[in-house]
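Please keep the model open while reading.

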Amino acid sequence: MPFLDTPNTTMYYDIFEPDFTTTPYSSHVFTVLLIHGFGGTPESDFGAQLPALRSHYRVIAPHLHGYGRSKHSSNYALTFYRDDADDLVTLLDSLNFGYVLVLGFSDGGIVGLVLAALYPQRVLAVAVMGAQPTINTQNVADIRHWLLETPLAEDWQQELAKLHGEPYWRSLPRMYVEGQERLVGAGGVIITDGELASIRCPALIMHGKRDRIVPADYARTISERIPNSQMLLFDAGHAAHVRCEQEYTSAIMNFFLIQQSTKGA
C-alpha cells in the first residue's frame, strides 16, 4: 500500500492512471489532485466523478491527516488546513509532479485554495465546492447542531465506520467541532483576503444555494477576492456535487478541459 511520511502525518494515497480504453493515448497526461472534506475520502466524495476524470487525467487521491487509511488524529490544530496543504506539496514532490489541477470539496476546497495561494507554481487550476475563507460563531453553532446535537444518519454512521474505523470515527465529530471553535477563538480567519487575491490560476468557485452548513455568501466572497474567477451555484445544499451529480461533473470536466487546452495539450 502506498504510504508517505510527511511533517504532519503518515499519508495514504492512491494513484488512478488514465483509462486509455476510453481515451486516446497522449504522451502528456495532466494530473488531477482530489482533496476530500470532513469525514470523507477521495473515493467517497468523488467516486461518481472518477470515471469521467480518468477518461482524460491521471488522478491522485490522498487521504488527509486523520482520515481513511492515513494516521489518526487526536485534535484539529489551528493550522490544520495549512498543514494539509503542506502535506500535499510533500506528496507531489515525492511523486515528481510539477503542477496539478485541483478539485476540492468543503474542507478540501479550503485546502485547495490555500494550496493555490501559497504554492502557485503547483496549481494549474482549482475547482472547489463548499469552501469558506472565514468562520464565525453562527457557523460553528450550525456545525455543532449537525454533528453533535442531531443524531447522525445510520447510513452515514456505517460509512464513517467503514472509512475511518471503529471506534476511532466516533471521536471525529467532537474533535472537529472543537477545532472549529478554536479557529473562531483565534479570529476566525482561515485564508486571508490577501491570500485569495494572490491566486492567479483559473478558479471555479462552486456552492449549493441552500447550504445550511457553509452559507453560499462565502462563495461570493471568495469569487470576488480571486481575480477572474468563475462562480457556479447549484440548487442544492452542502453536498451539491451529490445532489446535482451530472451538472457538477459536466462543470468540472469542462473547466479542466479548457485549462488543458490553453496549455496546448
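1. Basis. This is a predicted model, in which local features need pLDDT of at least 70, side-chain atom pairs count only at pLDDT 80 or more, and totals for chains, interfaces and linings use all residues. Residues are numbered from 1 along each chain as its sequence is written, and side-chain values use heavy atoms, with hydrogens and water left out.

2. Main core. The largest nonpolar core has 59 residues. A nonpolar core here is a set of buried Ala, Val, Leu, Ile, Met, Phe, Trp, Tyr and Cys residues joined through side-chain atoms within 4.5 Å. Buried means under 20% relative accessible area, exposed over 50%, and partly exposed in between (1.4 Å probe, protein chains only). Leu113 and Tyr176 touch the most other members. Helix H3 (residues 80–95) gives the most to this core, with eight residues. Helices (H or I, at least four residues) and strands (E, at least two) are DSSP runs, numbered from the N terminus.

3. Around Leu113. Residues up to four places away in sequence are not counted here. Leu113 then touches Val128, Ala131, Ile191, Leu196, Ile199, Ile205, Ile222 and Ile226. Contact means heavy atoms within 4.5 Å. A second, separate core of 28 residues includes Phe46, Leu204, Cys244 and Met253.

4. Helix H9. Which residues of helix H9 (residues 217–225) are buried? They are Tyr218, Ala219, Ile222 and Ser223. Seen down the axis of H9, these buried residues fall within an arc of 135°, so they line one face of the helix. The arc is that of the directions from the helix axis to the C-beta atoms. Exposed Asp217 and Glu224 sit on the face turned away from the buried side. The cover over the buried residues of H9 includes helix H4 (107–118), helix H5 (137–149) and strand S7 (203–208).

5. Largest pocket. About 1,100 Å³ of space lies in this pocket. On a 1 Å grid over the protein atoms alone, a pocket is an open set of points where a 1.4 Å probe fits, with protein on both sides within 12 Å along at least five of seven lines; lining residues have an atom within 4 Å of a point. Grid points are joined across faces, edges and corners, and the volume is the space filled by probe spheres set on the points. Of the 38 lining residues, the closest to the centre are Trp146, Trp156, Ile213, His238 and Ala239. H5 gives the most to the lining, with four residues.

6. Arg122. This residue lies in the loop between H4 and strand S6 (123–129). At 11% relative accessibility, Arg122 counts as buried. Leaving aside neighbours within four places in sequence, the contacts of Arg122 include Val89, Leu92 and Asp93.

7. Backbone points to check. The peptide bond from Glu166 to Pro167 is cis, with omega near 5°. Pro167 is in the loop between H6 and H7. Asn96 has a positive phi of about 60° although it is not a glycine. Asn96 lies in the loop between H3 and strand S5 (100–105), and counts as exposed at 68% relative accessibility. Asn228 also has a positive phi, near 60°. Asn228 is in the loop between H9 and S8, and is exposed with a relative accessible area of 76%.
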